[in-house]
Amino acid sequence: MFKVMIKRTVPQGMENILADMITQLRVAVSGQKGYISGETLVNTKKTNEYLVISNWDKETDWENWLSCEQRKNIQSKIDGVLGKETVYETYEYPHKVL
């Protein structure tokens, strides 16, 4: 399984707008090949910091979604709300060396 971590710091008063846009992304990605699941978390100490964890079958499935025009359009609006470009960090489970 391939995981994507997306951390966003949300300007005060924009939480509901961001939540709506994240929901739009979640609806759009639901039919994407290789998409397994996603969740959105809020930092308990910094309540304006959100973490999205997205689970994929393979890295290529994520890359296909990353290049999707529908995703890019919604993401552009999110970046406008945040005032900066979203950064993605990708992870996978360690491979055992034989």
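Predicted model: local features only at pLDDT ≥ 70, side-chain atom pairs only at ≥ 80, totals over all residues.

Thr-47 sits in the loop that runs between strand 2 (35–42) and strand 3 (49–56); helices (H or I, at least four residues) and strands (E, at least two) are DSSP runs numbered from the N terminus. Thr-47 is exposed, with a relative accessible area of 57%. The terms here are buried for under 20% relative accessible area, exposed for over 50%, and partly exposed in between, using a 1.4 Å probe and protein chains only. The C-alpha atom of Thr-47 lies 27 Å from that of Phe-2, and the two residues are 45 apart along the chain.

Residues are numbered from 1 along each chain as its sequence is written, and side-chain values use heavy atoms, with hydrogens and water left out.

As for confidence, pLDDT is the predictor's confidence in each residue, from 0 to 100. The protein averages 94, and 98% of the residues score at least 70.

Let us turn to Trp-56, which belongs to strand 3. Is Trp-56 buried or exposed? Trp-56 is buried, with a relative accessible area of 0%. Its contacts (heavy atoms within 4.5 Å), not counting residues up to four places away in sequence, include Met-1, Phe-2, Val-29, Tyr-35, Trp-62 and Trp-65. The side chain of Trp-56 also makes a polar contact of 2.7 Å with the side chain of Ser-54. A polar contact is a pair of N or O atoms within 3.5 Å; within protein, one must be able to donate a hydrogen and the other to accept it, and residues adjacent in sequence count only if both atoms are side-chain atoms.

On a 1 Å grid over the protein atoms alone, a cavity is a set of points where a 1.4 Å probe fits but cannot get out, a pocket is an open set with protein on both sides within 12 Å along at least five of seven lines, and lining residues have an atom within 4 Å of a point. The volume of the largest cavity is about 200 Å³, where a volume is the space filled by probe spheres set on grid points joined across faces, edges and corners. Its lining comprises 11 nonpolar, three polar and three charged residues. Here Ala, Val, Leu, Ile, Met, Phe, Trp, Tyr, Cys and Pro count as nonpolar, Asp, Glu, Lys and Arg as charged, and the others, Gly among them, as polar.

The largest pocket holds about 190 Å³ of space. Its lining divides into six nonpolar, one polar and five charged residues, and strand 1 gives the largest share, four residues.

Thr-86 is one of the residues lining that pocket. Thr-86 is placed in the loop between helix 3 (69–82) and strand 4 (88–92), and is buried at 8% relative accessible area. Which side chains make polar contacts with that of Thr-86? They include Gln-75, at 2.7 Å, and Asp-79, at 2.6 Å.
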